[in-house]
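Please keep the sequence and the structure in view while reading.

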Amino acid sequence: YYALLAPVYGALPQDILVKLYALRWLTAGLSLMTVYIAFRCSRELFPHEAALPYGVALLIAVLPERAMAIGRVNNDALVEVLAAALLWAAIRTHRRGLDPRRGALLGALFGLGMLAKATMGALAPILLYLLIARSPRRGIARNALAMGAATAALILPLVVRNLTVYG
(Lines give C-alpha, C1' and ligand atoms only; values in the text may rest on other atoms or scores of the structure.)
Protein backbone atom coordinates (compact mmCIF):
# COMPACT_ATOMS: atom_id res chain seq x y z
CA TYR A 1 0.00 0.00 0.00
CA TYR A 2 2.67 2.44 1.03
CA ALA A 3 4.82 1.55 -1.97
CA LEU A 4 1.85 2.27 -4.24
CA LEU A 5 1.32 5.71 -2.70
CA ALA A 6 5.01 6.68 -2.54
CA PRO A 7 5.16 8.06 -6.12
CA VAL A 8 2.04 10.16 -5.48
CA TYR A 9 3.54 11.42 -2.23
CA GLY A 10 6.76 12.36 -4.01
CA ALA A 11 4.96 14.17 -6.82
CA LEU A 12 2.91 16.37 -4.49
CA PRO A 13 4.05 19.82 -3.30
CA GLN A 14 6.27 19.91 -0.20
CA ASP A 15 3.50 21.09 2.15
CA ILE A 16 2.82 18.15 4.46
CA LEU A 17 -0.88 18.99 4.80
CA VAL A 18 -1.34 18.93 1.03
CA LYS A 19 0.31 15.52 0.94
CA LEU A 20 -1.77 14.25 3.84
CA TYR A 21 -5.10 15.36 2.43
CA ALA A 22 -4.28 14.08 -1.06
CA LEU A 23 -3.38 10.66 0.31
CA ARG A 24 -6.53 10.64 2.43
CA TRP A 25 -8.63 11.37 -0.67
CA LEU A 26 -6.89 8.55 -2.55
CA THR A 27 -7.54 6.19 0.34
CA ALA A 28 -11.20 7.22 0.48
CA GLY A 29 -11.52 6.72 -3.27
CA LEU A 30 -9.97 3.29 -2.99
CA SER A 31 -12.41 2.34 -0.25
CA LEU A 32 -15.34 3.18 -2.52
CA MET A 33 -14.44 0.05 -4.45
CA THR A 34 -15.41 -1.96 -1.36
CA VAL A 35 -18.88 -0.43 -1.40
CA TYR A 36 -19.27 -1.38 -5.07
CA ILE A 37 -17.98 -4.93 -4.50
CA ALA A 38 -20.36 -5.38 -1.54
CA PHE A 39 -23.19 -4.26 -3.82
CA ARG A 40 -22.13 -6.85 -6.42
CA CYS A 41 -21.76 -9.61 -3.81
CA SER A 42 -25.23 -9.05 -2.43
CA ARG A 43 -26.66 -8.95 -5.95
CA GLU A 44 -24.90 -12.25 -6.70
CA LEU A 45 -26.16 -13.89 -3.50
CA PHE A 46 -29.70 -12.51 -3.62
CA PRO A 47 -30.58 -11.86 -7.28
CA HIS A 48 -34.32 -11.53 -6.63
CA GLU A 49 -34.01 -8.93 -3.85
CA ALA A 50 -33.91 -5.65 -5.75
CA ALA A 51 -33.40 -3.29 -2.78
CA LEU A 52 -30.98 -5.41 -0.75
CA PRO A 53 -27.78 -4.55 -2.69
CA TYR A 54 -28.45 -0.85 -2.18
CA GLY A 55 -29.02 -1.36 1.53
CA VAL A 56 -25.81 -3.36 1.87
CA ALA A 57 -23.82 -0.70 0.03
CA LEU A 58 -25.35 2.05 2.16
CA LEU A 59 -24.66 0.17 5.37
CA ILE A 60 -21.00 -0.36 4.48
CA ALA A 61 -20.60 3.25 3.38
CA VAL A 62 -21.85 4.65 6.70
CA LEU A 63 -20.24 2.30 9.25
CA PRO A 64 -18.58 4.64 11.77
CA GLU A 65 -15.50 2.50 12.50
CA ARG A 66 -14.91 1.96 8.80
CA ALA A 67 -15.16 5.70 8.17
CA MET A 68 -12.57 6.36 10.88
CA ALA A 69 -10.22 3.71 9.48
CA ILE A 70 -10.54 5.02 5.94
CA GLY A 71 -10.01 8.61 7.08
CA ARG A 72 -6.43 7.71 8.00
CA VAL A 73 -3.65 7.02 5.55
CA ASN A 74 -3.06 3.32 6.21
CA ASN A 75 -3.18 -0.04 4.52
CA ASP A 76 -6.66 -0.95 5.83
CA ALA A 77 -8.36 0.46 2.73
CA LEU A 78 -6.35 -1.75 0.39
CA VAL A 79 -6.87 -4.86 2.52
CA GLU A 80 -10.57 -4.08 2.67
CA VAL A 81 -10.84 -3.89 -1.13
CA LEU A 82 -8.77 -7.03 -1.68
CA ALA A 83 -10.74 -8.97 0.94
CA ALA A 84 -14.02 -7.87 -0.62
CA ALA A 85 -12.75 -8.83 -4.08
CA LEU A 86 -11.64 -12.23 -2.74
CA LEU A 87 -15.09 -12.80 -1.22
CA TRP A 88 -16.79 -11.79 -4.47
CA ALA A 89 -14.56 -14.19 -6.43
CA ALA A 90 -15.23 -16.89 -3.82
CA ILE A 91 -18.99 -16.43 -4.13
CA ARG A 92 -18.78 -16.70 -7.90
CA THR A 93 -16.46 -19.73 -7.64
CA HIS A 94 -18.82 -21.43 -5.20
CA ARG A 95 -21.64 -21.08 -7.69
CA ARG A 96 -19.64 -22.03 -10.82
CA GLY A 97 -16.99 -24.42 -9.50
CA LEU A 98 -13.24 -24.09 -9.12
CA ASP A 99 -10.89 -24.40 -12.08
CA PRO A 100 -7.20 -23.42 -12.40
CA ARG A 101 -8.03 -19.97 -13.78
CA ARG A 102 -10.33 -19.16 -10.86
CA GLY A 103 -7.82 -20.74 -8.48
CA ALA A 104 -5.08 -18.46 -9.78
CA LEU A 105 -7.34 -15.42 -9.39
CA LEU A 106 -8.21 -16.37 -5.81
CA GLY A 107 -4.56 -17.04 -5.03
CA ALA A 108 -3.48 -13.71 -6.52
CA LEU A 109 -6.09 -11.78 -4.54
CA PHE A 110 -5.05 -13.60 -1.38
CA GLY A 111 -1.36 -12.97 -2.05
CA LEU A 112 -1.90 -9.27 -2.72
CA GLY A 113 -3.95 -9.01 0.44
CA MET A 114 -1.22 -10.73 2.46
CA LEU A 115 1.30 -8.26 1.07
CA ALA A 116 -0.92 -5.40 2.20
CA LYS A 117 -1.59 -6.75 5.70
CA ALA A 118 -1.20 -10.15 7.35
CA THR A 119 -4.76 -10.09 8.70
CA MET A 120 -5.82 -11.19 5.21
CA GLY A 121 -4.70 -14.64 6.36
CA ALA A 122 -8.02 -14.95 8.20
CA LEU A 123 -9.62 -15.64 4.80
CA ALA A 124 -7.42 -18.69 4.11
CA PRO A 125 -10.12 -21.17 5.27
CA ILE A 126 -12.37 -19.91 2.48
CA LEU A 127 -9.74 -20.88 -0.06
CA LEU A 128 -9.33 -24.29 1.54
CA TYR A 129 -13.09 -24.83 1.50
CA LEU A 130 -13.33 -23.91 -2.19
CA LEU A 131 -10.40 -26.16 -3.00
CA ILE A 132 -11.98 -29.16 -1.27
CA ALA A 133 -15.68 -28.61 -1.91
CA ARG A 134 -15.78 -26.93 -5.32
CA SER A 135 -12.98 -28.66 -7.27
CA PRO A 136 -13.80 -31.56 -9.54
CA ARG A 137 -12.39 -34.77 -8.06
CA ARG A 138 -9.60 -35.01 -10.60
CA GLY A 139 -8.84 -31.30 -10.56
CA ILE A 140 -7.90 -30.68 -6.93
CA ALA A 141 -4.15 -30.92 -7.55
CA ARG A 142 -4.26 -28.58 -10.57
CA ASN A 143 -6.43 -26.08 -8.71
CA ALA A 144 -4.23 -26.21 -5.61
CA LEU A 145 -1.15 -25.67 -7.75
CA ALA A 146 -2.69 -22.69 -9.54
CA MET A 147 -3.90 -21.13 -6.29
CA GLY A 148 -0.66 -21.80 -4.42
CA ALA A 149 1.59 -20.67 -7.26
CA ALA A 150 -0.23 -17.36 -7.62
CA THR A 151 -0.04 -16.73 -3.88
CA ALA A 152 3.60 -17.80 -3.60
CA ALA A 153 4.69 -15.73 -6.61
CA LEU A 154 3.45 -12.63 -4.84
CA ILE A 155 4.48 -13.39 -1.26
CA LEU A 156 7.80 -15.22 -1.58
CA PRO A 157 9.90 -12.33 -2.90
CA LEU A 158 9.04 -10.25 0.17
CA VAL A 159 9.62 -13.19 2.52
CA VAL A 160 13.03 -13.90 0.98
CA ARG A 161 13.94 -10.22 1.12
CA ASN A 162 12.90 -9.94 4.77
CA LEU A 163 14.84 -13.07 5.71
CA THR A 164 17.90 -11.74 3.91
CA VAL A 165 17.72 -8.28 5.47
CA TYR A 166 16.49 -9.11 8.96
CA GLY A 167 17.55 -12.72 9.41
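Tyr54 counts as exposed, since its relative accessibility is 52%; here exposed means over 50% relative accessible area, buried under 20%, and partly exposed in between, with a 1.4 Å probe and protein chains only. The model is predicted, so that local features need pLDDT of at least 70 and side-chain atom pairs count only at pLDDT 80 or more, while totals for chains, interfaces and linings use all residues. Residues are numbered from 1 along each chain as its sequence is written, and side-chain values use heavy atoms, with hydrogens and water left out.

**Aromatic pairs**

Rings of Phe, Tyr and Trp (its six-membered ring) pair if their centres lie within 6.5 Å, and planes under 30 degrees apart count as stacked, over 60 as edge-to-face and the rest as tilted.

| Pair | Centre to centre | Angle between planes | Class |
|---|---|---|---|
| Tyr1 and Tyr2 | 5.2 Å | 85° | edge-to-face |
| Phe39 and Tyr54 | 5.0 Å | 65° | edge-to-face |

Helix 2 comprises 30 residues (16–45), and at 1.5 Å a residue it should span 44 Å, which agrees with the 44 Å between its end C-alpha atoms; the expected span is 1.5 Å times one less than the number of residues. Its buried residues include Lys19, Leu23, Phe39 and Glu44, and what covers the buried residues of helix 2 includes helix 1 (2–11), helix 3 (52–62), helix 4 (64–70) and helix 5 (76–96).

Glu44 is buried, at a relative accessible area of 14%, and its side chain makes a polar contact of 3.1 Å with the side chain of Arg92. A polar contact is a pair of N or O atoms within 3.5 Å; within protein, one must be able to donate a hydrogen and the other to accept it, and residues adjacent in sequence count only if both atoms are side-chain atoms.

**His94**

His94 has its place in helix 5 and counts as partly exposed because its relative accessibility is 35%. Although His94 and Arg134 are 40 residues apart in sequence, their C-alpha atoms are 6.3 Å apart in space.

Note on methods. Helix = DSSP H or I, 4+ residues; strand = E, 2+ residues; numbered from the N terminus. Contact = heavy atoms within 4.5 Å.
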